[in-house]
There are 2 protein chains.
Amino acid sequence: MAKKDEKGITVAKEKNLIEWYNQVVTKAELADFAPIHGFMVIRPNGYAIWEKIQQYFDNRIKKLGVRNAYFPLLIPERFFVKEAEHAEGFEPEVAWLERQNKKEEKLAIRPTSETIIYDIYSKWIRSWRDLPLLINQWCNVVRWEIKQTRLFLRTREFLWQEGHCAFATAEEAKENVLKMLEEYAKLCEELLAIPVIKGKKSEFERFAGAVETYTIEALMPDGKALQMGTSHFLGQNFSKAFEIKFVGKDEKEHYVWQSCWGATTRLIGAVILVHGDNKGLVLPPKIAERKAVIVPIIFEKDKEKVIEKCKEIEKKLKRFNAFADLREEYTAGWKFNEWELKGIPIRVEIGPKEVKEKTAVVVIRDTNEKKTVKEKDIVRIVEEELNKMQKRLFEKAKKFLEENVVEAKSWAEFKKAIKERKMVLAPFCNTEQCEEKIQEETKATSRCIPLNQKEGKYKCIKCGREARIKAYFARGY
Amino acid sequence: MAKKDEKGITVAKEKNLIEWYNQVVTKAELADFAPIHGFMVIRPNGYAIWEKIQQYFDNRIKKLGVRNAYFPLLIPERFFVKEAEHAEGFEPEVAWLERQNKKEEKLAIRPTSETIIYDIYSKWIRSWRDLPLLINQWCNVVRWEIKQTRLFLRTREFLWQEGHCAFATAEEAKENVLKMLEEYAKLCEELLAIPVIKGKKSEFERFAGAVETYTIEALMPDGKALQMGTSHFLGQNFSKAFEIKFVGKDEKEHYVWQSCWGATTRLIGAVILVHGDNKGLVLPPKIAERKAVIVPIIFEKDKEKVIEKCKEIEKKLKRFNAFADLREEYTAGWKFNEWELKGIPIRVEIGPKEVKEKTAVVVIRDTNEKKTVKEKDIVRIVEEELNKMQKRLFEKAKKFLEENVVEAKSWAEFKKAIKERKMVLAPFCNTEQCEEKIQEETKATSRCIPLNQKEGKYKCIKCGREARIKAYFARGY
């Protein structure tokens, strides 16, 4: 028999979030450090979460008429320089291929695919009949991060989807940008049980090459904000740089209007940070590949009956992808720890008593609540408990968010709130200069300018000059 | 109104297969040439086929207990050189990253992932409890091909899946290798309607680093063979090079036994080549994203009634992902050509006559058969026709394969058969020397040594020395 697991989490989430996070990611076998600095391996337990995210989101975008495609990994240097702001924004993070000789063109591994995709769009789009063009790709990208890397949260390679759409009018493009922001919010709130704040990025934080960048931001337990998805209105910046023109119904040539939007494997990091506890991973049931585990409590004399009952329950709970852990080389206690660490939402315990009484013990991962249920009710109860858990995790995270967002009336209040790990709403002049000063003094960055706020006449929290909007600030990942 | 399409296929498949192929791929908007030499863009129509392949195969391997993961895009040079034969095999095709300085390690873009995955396996595998380890990844790979590239068939980047499994015993590994070969054959025959020949690769064609390579081979209309999937028995070659050891139940250390297997987006090229005709793409119904199109035949006075009926039929055929093409800017004839070119299996035509008589005209893509059916029977008939078409395409391809495989008794017969674009079965000594000579003289390569053949006492078709097996030869893509 193997000894009781030494693999458990050995540091409290409240004490040292980053160390706790690293332990959960590696011990729950979600990801691992690759043998190349800054790269990660997404292990099957982590990849299964990504698959749930993909299925959900892919289904949503297909309903909106978006189709998937695949564009080249490599991008010629000459495309990069076409949209000046874009090139400048990504240049420091680009990995280049070695050339055989100086005459060959320099090729970059895509850090994002606007330039190569839009070069191709200029070939595909001819007439208003070709619009809107709604295309998405699921792929890997490489950004040579200098900052400290963290599994899922910041790595030199990550997986993502990038949607790239072209429209005949600015209105349609803008509508798409906001529609997709809404989709990302839904993905986070409905699937991942993580509440988000929707807004627009400041001038400084805008995507390189975009007219406007929209974002959804979530708050992590240490008061740091995490960007969960972005949706960009590109205007005609790229269509002019790449000559993406169409003949309209008016028989004249026009440049298309564009949107693009993306979300990454970073979302998995957010799930771990937001929901996890000191036993390990807690998975919202909707993204748990296997939603229940059945563990036999075995005493030699009743062994066969118990095992048989476990198999029966496994069959009954098949729609939840439940599985009986019948391994003989581990104790029941070891298994409890193992599956708690790995975040299986529900554990069903079956021992001789349960066999005799036609019952089962159901244990809920997040509350640790234990209830004895009649065997005939088990499917219904597991279903109910999974639904309740999904809702409960969201409500808990929402309460945390609400309690940790404050409004600051003065610079002193602002600094104090950031120090106390809050997310702060404050009037902001939206200048690069002010943004940099705030960051220098507090390490906080502007996260977003919330949507649907009426413009007012405020004074910027930092410089005191006129400010027309309020923005959220927090430290970031 | 747009004029009748000039986008149709302008060359006969029988006349110039390659030119026909390029036209079908680009005009049916399956793929496009990327602005980087040797790279391709997989367009939504082509990617939808890949998604069907992924869904089918992913579902199959998950039933076998295989789980998906994701490993880094980049591979350090030091891993490459660990398995000498493997390194030598891939070296010429590797794309390297530019280094900032000579002290930095050289990094390659993965041409395949054995080395990086097995380095990581050596960390993950400790005990017999960790075995078998069954992992697959869906990803992109880059091989800097020197040969002429062709969309889907040979490009410098392609998409694939690579399964990498580790076992405690050679028997289990070998069983997995053959099991996966069987799965690839099923994928081709049941999903893609392409019959294949299963066999083992010759010594010369073996995967670099493998003990044995198994393959499935399909025959294209020009008599060239196409490798559709490979499954490799790696023995302990890599486990010894990467130190993948486990403590067995015997409490001793052992090296694991390994298998790996892969199939690529090249399969899409095979579908096009095998089933397509002079109107364009013909898709086996199982991989057609949209299995039926409804086209209104409009005369002004009955316009509304016809459109309404089309929408009704669209609803009825929803399970086939049918869609009504109600665009007013194109004629019915233009639409017929468009959807034939793009390979929609069934066309439903609705005009005033059909409205009046409560019927519909159903046209089958591959046979061009046209039948008038009662509206109330349309769901059943479409279903039947799709099933029949799937079967018919397979039978047709099977007949072609059977008619184009011959056995050669002499070198003269062999050369003649290859010249006549046949696939040839012949006794073979399985030496590198003979294989190279055959290739020099005929451009044919050994495709595979068919499974389950009894070893005999033959004379090699080329050198006349002793041969114990017969092998298939053909020109290849």
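In which sense do S8(A) and strand S9 (residues 212–219) of chain A pair, and over how many bridges? The two strands pair in the antiparallel sense, over 4 bridges. Strands here are DSSP runs (E, at least two residues), as helices are (H or I, at least four), numbered from the N terminus, and two strands pair if DSSP finds at least two bridges between them. The model is a predicted one, in which local features need pLDDT of at least 70 and side-chain atom pairs count only at pLDDT 80 or more, whereas totals for chains, interfaces and linings use all residues. Residues are numbered from 1 along each chain as its sequence is written, chains are lettered from A and ligands numbered from 1 in the order in which they are written, and side-chain values use heavy atoms, with hydrogens and water left out.

Strand S8 of chain A covers residues 197–200. Within S9(A), Thr215(A) is the bridge partner of Gly199(A). S8(A) also pairs in the antiparallel sense with strand S21 (residues 444–450) of chain A, over 2 bridges, and there Lys200(A) stands opposite Ile449(A). Buried means under 20% relative accessible area, exposed over 50%, and partly exposed in between (1.4 Å probe, protein chains only).

Phe428(A) belongs to strand S20 (residues 423–428) of chain A. This residue is buried, with a relative accessible area of 0%. Leaving aside residues up to four places away in sequence, Phe428(A) touches a set of residues that includes Ser202(A), Cys434(A), Ile438(A), Ser446(A) and Phe473(A); contact means heavy atoms within 4.5 Å. Lys470(A), 42 residues from Phe428(A) in sequence, has its C-alpha 5.5 Å from that of Phe428(A).

The contact between the chains remains to be described. Chain A and chain B each contribute 53 residues to the contact. The size of an interface is often given as the accessible area lost when the parts come together. Between chain A and chain B about 4,400 Å² is buried, with carbon and sulfur atoms giving 59%; this is the accessible area (1.4 Å probe) that the two parts lose on being put together, summed over both. In chain A, the residues that lose the most area to chain B are Arg67(A), Tyr70(A) and Glu98(A), together 15% of what that side buries.

The rule finds 6 salt bridges across this interface, each requiring a side-chain nitrogen of Lys or Arg within 4 Å of a carboxyl oxygen of Asp or Glu. Lys123(B) and Asp32(A) meet through their side chains in a salt bridge, at 3.1 Å from N to O.
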